[in-house]
Amino acid sequence: MLNAQEPRSSSKKPRISDHVRFLHSWITNPLKTGAVSPSSPGLARMMASYLDPHSEGPVIELGPGTGPVTKALLERGFAPERLFLIEYNPEFCTLLRQRYPGVTVIQGDAYAMDKTLNGCLPSRAAGVISSLPLFTMPVEERHRMVNEAFDLCHPGAPFVQFTYAVVTPVPLVPGKIEGKVSPRVWMNVPPARVWVYHRP
Ligand SMILES: C[S@@+](CC[C@H](N)C(=O)[O-])C[C@H]1O[C@@H](n2cnc3c(N)ncnc32)[C@H](O)[C@@H]1O
């Protein structure tokens, strides 16, 4: 079905060039890019489904890339003004600003989340949604980053993360970081799953 806001002619072109953009980013910086192609709409929708558009506060997106998860959040009903994106790659940032007016796109390091956001969040966040390639970082650094995210959120807010791996990319810490995993999303290359972490 044709999306009313995106004419057929313009909905095809970006999809092809996004794959080229992504591959270029992966060739230039494979460890930071973490994938050879953008996430599928199905995976992005699965991730967005764990955040409630009726909840209070902004949403922080880490590693938005070319924006499939951002798109899924907007389609789920989040107003653009509620979305705060942290992306390392400046070319992706330029693309995201053009593609999603009203969304705040910050070029910088998600592992220094609080510093990178630089006080721009209007209130505590409703949750964090991340596509960061976590396995390239030591476990201690992943735990520190997830805890930094929880500190910026309402108590009990979710940290949503996709992974291609069988094991959790954020090892659970009973009483401190708890999590549940989704069924496998087969309509993605490679198939992936979504972890939702909470601080109890
Ligand atoms: C696996 S891609 C996912 C992109 C997109 N969300 C998707 O699902 O197609 C990871 C993205 O995270 C970005 N990234 C990696 N490390 C980062 C960091 N420390 N801070 C901010 N962005 C980072 C990369 O530039 C890339 O765009």
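**Reading the sheet and its helices**

Mentor: Seven strands form an open sheet, ordered E3-E2-E1-E4-E5-E7-E6, with mixed pairing; strands here are DSSP E runs of at least two residues, helices are H or I runs of at least four, and both are numbered from the N terminus. Two strands pair if DSSP finds at least two bridges between them. This is a predicted model, in which local features need pLDDT of at least 70, side-chain atom pairs count only at pLDDT 80 or more, and totals for chains, interfaces and linings use all residues. Residues are numbered from 1 along each chain as its sequence is written.

Trainee: Which strands stand at the edges?

Mentor: Strand E3 (104-107) and strand E6 (178-181) do, and each has a single partner strand, so one side of each is left without a neighbour in the sheet.

Trainee: In what sense do E1 and E2 pair, and over how many bridges?

Mentor: They pair in the parallel sense over four bridges, and Glu61 has Leu85 in E2 as its bridge partner.

Trainee: Which residues of helix H4 are buried?

Mentor: A residue is buried if 20 or more other C-beta atoms, placed from the backbone, lie within 10 Å of its own. In H4 (residues 68-76) these are Pro68, Val69, Thr70, Ala72, Leu73 and Leu74.

Trainee: What do the buried residues of H4 pack against?

Mentor: Contact requires C-beta atoms, placed from the backbone, within 7 Å. The buried residues of H4 pack against helix H3 (41-48), strand E1 (59-62), strand E2 (83-87), helix H5 (90-99) and strand E4 (127-130). Those of H3 pack against H4, E4, strand E5 (159-163) and strand E7 (193-198).

Conventions:
A residue is buried if 20 or more other C-beta atoms lie within 10 Å of its own, exposed if 12 or fewer, and partly exposed in between; C-beta atoms are placed from the backbone. Two residues are in contact if their C-beta atoms, placed from the backbone, lie within 7 Å.
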